[in-house]
Amino acid sequence: MKTTTTTLAWRQALLMIVILGMLGVTAFPIYWMLVTSTTSSADLFSTSPHLLPGLAQWHVFRDVFTSTDVGTWLLNSAIVAVGTTVLSLALAVLPAYALSRFKFAGIAIVGLALFVTQMLPEAMLVVPLYAIFGQLSLLNTLTGLILVNTAFTVPVITWILKGAIDGVPIDIEEAASIDGCSRLGTVFIVVIPLIAPTLAATAVIAFFHGWNEYVFAQTLVSAPELHTASVGLAGFVGELSTPLHSVMAIGLMYTLPAVFFYLLVQRYVVAGMTAGSVKG
Amino acid sequence: MSSISLKNVTKTFGAKTVLGNIHVDVPAGEFLVLLGPSGCGKSTLLRMLAGLETVSGGEIHLGQRRVDTLPPSARDMAFVFQSYALYPHMTVRRNITFPLIMRKFRWWFHIPVLGHLAKRRIESSPEVRELVDRTAKILSLTEMMDRHPRTLSGGQRQRVALGRAMVRQPEVFLMDEPLSNLDAKLRSSMRAEIIKLHRDLGGTFVYVTHDQIEAMTMGTRIVLMHAGEAQQIGTPREIYTNPANTFVARFIGTPAMNLVHARIDGGRLAIGELRMPLPAHLGVRGASSGAEVLVGVRPNALAIGTDPAQPGMAGTVALVEHVGAESIVTVRLDTARTAHDRDDGVGDEIMVTQAGYSTLQAGDEVRVSLDLTQAVLFSAESGRRISNDIPLPTEAPHAAPGFSTQH
């Protein structure tokens, strides 16, 4: 008995060490950004690197706000990311429901077509999209960026949501239809609450896509006041010099909101929502 | 409360006919049970009544109203699912209130905050609250109104499903094997609860089951189905005592009715080497001497004796099962032939029930005598019931005859 308990304790300890190790690997880049941003340029290239953030250098965060438009960039990124998330989910739910519940001719082709869109690299689409957006007066607008990001996320999200809707027992929908729910009502009142964890997960995917996207943000938008943080950050990389601590400070500010968004949403990403509904 | 009328209802999936020409009239207030083995089409028929399956042919009427073209929500029928189908994200109270909210639902209820407020307003209105609380009280759910389905036991979930059906006060209750997921003890108590519910609410019930005990104890009338056709429609007593064909005879009753091959020999019945005078009620109109028939006799209408001089079918005891109040004795017949084989192909065995603890043992030579006053006859060719009133059929054999509901 004692041996079993001891073995269990060792196992727990080992597991904890592995988890801490993985956490370290994941979190270290963020920590290193903090350290680098608060290290003076002179010390950055010294032979003995600083391992702790330099408290004397905190002003770098204030400085980047005064010397650059980082506030605007972050705001633009947030608008694009939130817009992409909302629009992607809104556009993907009904097709996902249709793919899951309706049997119609060509359903396999529709499913395949969604995948095909994912095979084309973004860079290849820049030129034709530039021409199309020019015609539609969408160049130099955040709306344009939201639309183009949404076009990339909707197929993926549709497939993920289809899988989740497949998992909702059809009996529940039939019960709702007998209780007086319309088809659309069933989707909104019954199906969507039941796939909330998957919706949260897909929201994370859409948000990160919108937040991180660079190629279209760089090419379809040229006005400096509409730059997103990814473009703004890249602008620091100069031909002659790159102010590393400013880049890292902005990088940190660029990373943290995304981390917070994930933490906000992740508590909804829990399984077992349909437990207790139907037997088995 | 309304009557239901199914007029020549059929269901086909592609070229396959799963339900053929079902014709049933269910008077208002009746507890109709659709009974049959798996895959006989009973659940499909119930789902067609509810509007969850389309009707391929025929008509369904609820009272004077034709409903088979209406969506499920417009039929005023409540449905209790085998799987309960509760809304997992809603509390017990919301689950039960849901049909009442849907009754007053407007499109703008989909607007996030506004819709939420409107729904809560309906939920807390005195008449809705009173109705829901009363339903909960009947089903002993009052203590768990704020819990979610996942925290309830199977029996409690089934009661919530019943509550959700009751609260609508519908014309018709449809139930699809609602007790099949419960353990034996709970099943018998829920059975009693549903019978009481039917008595108190007085609605028209249509209940699907494969369990003959449920059918016999709950139903005021039974439709026994097999291979997509109604084999017999009648009260539990009629179906038990006057089975319309050999399928019904073997399906109802445990152990199943014995079917022994016999020949009509003048005024006598020849079973193996045994000759018995044919009782008046078994007199077969139109049966010539030599006609092959099946004698259907329930295990409790047979008697076993060990005296070789006793008239009866000679045989050997193959198995004795003691089931408490009675013993079930399986006898392998020497010369008489049965119409049913065991799953392993061994035939010519009949079952006899004896009161109390039988002293017989496997291998004993016995005589089985039958009480023909409790027997029924079937055509050996078609399997249909024959008697003075029902002549031996002359048309081609038909495995699944249609029966009228008029009695």
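What percentage of the 280 residues of chain A count as buried? In this predicted model, the figure is 40%. The accessible surface of chain A amounts to about 15200 Å², and 74% of that area is supplied by carbon and sulfur atoms.

The secondary structure of chain A consists of 13 helices and zero strands, so that the pattern read along the sequence is α-α-α-α-α-α-α-α-α-α-α-α-α. Chain A is more spread out than a compact globule, because its radius of gyration of 24 Å is well over the 19 Å that the globule rule gives for 280 residues. The C-alpha trace of chain A spans about 75 × 70 × 30 Å along its principal axes. Where contacts in chain A link residues at least 6 apart in sequence, 77% of them join residues at least 24 apart.

The packing of nonpolar side chains was examined next. The largest nonpolar core comprises 131 residues, and the residues with the most contacts inside this core are B:I22, B:L49, B:L174 and B:I194. Another core, of 32 residues, lies apart from the largest one; B:I264, B:I271, B:V293 and B:I350 are among its members. Within the largest core, B:L174 is one of the residues with the most contacts. With residues up to four places away in sequence left out, B:L174 touches B:L46, B:L49 and B:A50, the run B:M77, B:A78, B:F79 and B:V80, and also B:V206.

How values were computed
Residues are numbered from 1 along each chain as its sequence is written. Chains are lettered from A and ligands numbered from 1 in the order in which they are written. This is a predicted model: local features need pLDDT of at least 70, side-chain atom pairs count only at pLDDT 80 or more; totals for chains, interfaces and linings use all residues. Side-chain values use heavy atoms; hydrogens and water are left out. A nonpolar core is a set of buried Ala, Val, Leu, Ile, Met, Phe, Trp, Tyr and Cys residues joined through side-chain atoms within 4.5 Å. Buried means under 20% relative accessible area, exposed over 50%, partly exposed in between (1.4 Å probe, protein chains only). Contact means heavy atoms within 4.5 Å. Helices (H or I, at least four residues) and strands (E, at least two) are DSSP runs, numbered from the N terminus. The radius of gyration is taken over C-alpha atoms; the globule rule is 2.2 Å times the number of residues to the power 0.38. Accessible areas come from the Shrake-Rupley method with a 1.4 Å probe; for residues, only the protein chains shown count as cover.
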